[in-house]
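Keep the 3D view open as you read.

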Amino acid sequence: MDDDEDFVGDLFGTVEEETVLAPEPTTEIYRRSCEHSQPNALTIRLVGSHPLWAHHLWNASKVFARLFDDAPELVRDKYVLELGAGGALPSLMAAVNGAAKVVVTDYPDKELIDNIQYNVNANHMPNTISVQGYVWGTSTCALKNELPKDQTTFDVIILSDLVFNHSQHHAMLRTCRELLTPGTGRVYVFYTHHRPHLAHRDRDFFTIAKRPYTPDLDPNDRENIGYGFEVDHFIQEKMHVMFEDDPGDVEVRSTVHGWQMWIPRP
């Protein structure tokens with residue numbers, strides 16, 4: 001895995017003179033823990049390569065999938081939003097476990113969005129799931145339009161292996177704060193410290209989230225602005241390490257951490 005501070009790449013960089021053929025898409029099959037579940041497996045197509053790292057089925061997404069199977073009440077009859085979905089396995093699992101509505105989002109790049117829609121269609125998802133392009137921290141109007149007229153917030157927001165995007169912590173938290181139902185709503189944040197020497201930067205996400213909510217503060221005051229979440233580290237699961245040749249402690253790089261965040265009622 002690249003050791004840059006963030007992994008967004010240069011989506012709008014100059015075009016290389018030499019044409020380089022993009023890798024073909026790959027496919028992974030996720031088999032559900034209960035063999036009697038229907039469908040008993042989901043086929044996830046991943047883009048061949050992408051600067052936003054959507055060409056991996058991250059360990060965090062598999063832990064999400066098992067959680068929603070083991071505790072379907074977390075999503076059943078609820079309104080669910082996923083940010084930075086990649087292959088969208090957590091969203092698909094929310095849908096098959098009875099979510100009232102699932103809105104799957106990723107960066108509004110045609111390749112990414114078309115691939116998510118392919119996975120929705122190929123796995124014969126219910127019509128309660130929709131796909132949108134969305135840039136973290138920007139207007140949420142189009143996302144709110146997916147909700148019933150009497151509702152303006154989501155019950156569940158999924159962030160699967162996103163906190164390594166350190167420069168985007170505030171953008172993600174702005175969106176979560178605006179769209180999460182206070183009190184009962186939950187943001188589920190699952191991730192691995194893929195670069196152990198930057199684990200403290202990953203955890204900064206929760207430090208910023210816990211700061212007192214400061215809606216009147218200059219949004220550029222990143223050292224002081226906060227979002228008023230309560231946080232709880234409730235899952236820790238060992239998986240097979242994803243990037244075997246990378247530096248750093250293998251135990252750290254193979255562990256998925258799961259946090260839940262909520263907005264206290266006034």
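Val104 lies in strand 4, where strands (E, at least two residues) and helices (H or I, at least four) are DSSP runs, numbered from the N terminus. With a relative accessible area of 0%, Val104 is buried; buried means under 20% relative accessible area, exposed over 50% and partly exposed in between, using a 1.4 Å probe and protein chains only. Leaving aside residues up to four places away in sequence, Val104 touches Glu82, Ala85, Ala88, Ser91, Ile116, Ile129, Ser130, Val131 and Gln132, a contact being heavy atoms within 4.5 Å. Pro90 is 14 residues from Val104 along the chain, and their C-alpha atoms are separated by 9.4 Å.

A word on the model itself: it is predicted, so local features need pLDDT of at least 70 and side-chain atom pairs count only at pLDDT 80 or more, while totals for chains, interfaces and linings use all residues. Residues are numbered from 1 along each chain as its sequence is written, and side-chain values use heavy atoms, with hydrogens and water left out.

Now look at what lies beside strand 4. Strand 4 (residues 101-106) pairs with strand 5 in the parallel sense over five bridges; two strands pair if DSSP finds at least two bridges between them. From strand 4 the chain crosses through helix 3 (residues 110-122) to strand 5, making a right-handed β-α-β crossover: with the strands pointing away from the viewer, the path from the first strand over the helix to the second runs clockwise. Strand 5 (residues 129-133) has four of its five residues buried, so the rest of the structure largely encloses it.

Which residues of helix 3 are buried? They are Leu112, Ile113, Asn115, Ile116, Asn119 and Val120. Seen down the axis of helix 3, these buried residues fall within an arc of 160 degrees, so they line one face of the helix; the arc is that of the directions from the helix axis to the C-beta atoms. Their cover includes strand 2 (41-46), helix 2 (89-96), strand 4 and strand 5. After helix 3 comes His124, which has a positive phi, near 55 degrees.

Finally, step back to the whole chain. The chain has seven helices and nine strands, and buried residues make up 51% of its 266 residues.
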